[in-house]
Amino acid sequence: MAALLLALATMPAPGHAVQPDEVLDDPALEARAREISAGLRCLVCQNESIDESNASLARDLRLLVRERLVAGDTDAEAVDYIVDRYGEFVLLRPTAGGWNVLLWAAGPLLFLIALGTGIVYVRGRSKAAAPTEAALSDEEHARLRRILDE
């Protein structure tokens, strides 16, 4: 039983790549660092936060976040420091302001344009006159009778 507990205690926590030498002594600062790290994208992996990534750049970013917090930055200041250097792409949840409004609005806007175009098309088809066939002339009618009688 003790061996099982020892094995479970030494297993790495899933989803966290933070190394023991990165962990801050102050639990409150460490909790803030983890929260910030969970919201920052690993620029190598791109689908993981820096808290989950084992990439060396993610480690550097985790250390940078911790340095900023130890220096006395607020959470927002630490995130702004990282965003200023790496761009807004580093945020897992980009802001909905500035030029990003176009990206946030593009999906619903294009959907409404497509819906409007579809409605106009369907209404136009329902109002269109049905194609009619021209009646046969007497000469064509007589020729058709001769062909069918053969």
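## The nonpolar core

The largest nonpolar core has 18 residues, and those with the most contacts inside it are Ile36, Leu40, Ile50, Val65, Leu69 and Ile82. Helix H2 (27–38), helix H3 (56–70) and helix H4 (75–86) each give at least two residues to this core, with H3 supplying the largest share, 5 residues. A nonpolar core here is a set of buried Ala, Val, Leu, Ile, Met, Phe, Trp, Tyr and Cys residues joined through side-chain atoms within 4.5 Å. Buried means under 20% relative accessible area, exposed over 50% and partly exposed in between (1.4 Å probe, protein chains only).

Beyond its neighbours within four places in sequence, Leu69 is in contact (heavy atoms within 4.5 Å) with Leu29, Arg32, Ala33, Ile36, Thr74, Asp75 and Ala78.

## About the model

This is a predicted model, in which local features need pLDDT of at least 70 and side-chain atom pairs count only at pLDDT 80 or more, while totals for chains, interfaces and linings use all residues. Residues are numbered from 1 along each chain as its sequence is written, and side-chain values use heavy atoms, with hydrogens and water left out.

## The overall fold

The protein chain has 6 helices and 0 strands; helices (H or I, at least four residues) and strands (E, at least two) are DSSP runs, numbered from the N terminus. Of its 150 residues, 21% count as buried. Among contacts with a separation of 6 or more, 51% come from residues 24 or more positions apart.

Let's turn to H2. Its buried residues are Leu29, Glu30, Ala33, Ile36 and Ser37. Seen down the helix axis, they fall within an arc of 125°, so they line one face of H2; the arc is that of the directions from the helix axis to the C-beta atoms. These buried residues pack against H3 and H4, while the face turned away from them carries the exposed residues Pro27 and Glu35.

At the start of H2, a side-chain oxygen of Asp26 comes to within 3.2 Å of the backbone nitrogen of Ala28.

## Asp73 between H3 and H4

Asp73 sits in the loop between H3 and H4 and is buried, with a relative accessible area of 13%. Its side chain makes a polar contact of 2.7 Å with that of Arg68; a polar contact is a pair of N or O atoms within 3.5 Å, and within protein one must be able to donate a hydrogen and the other to accept it, with residues adjacent in sequence counting only if both atoms are side-chain atoms. Leaving aside neighbours within four places in sequence, Asp73 is in contact with Arg32, Arg68 and Ala78.
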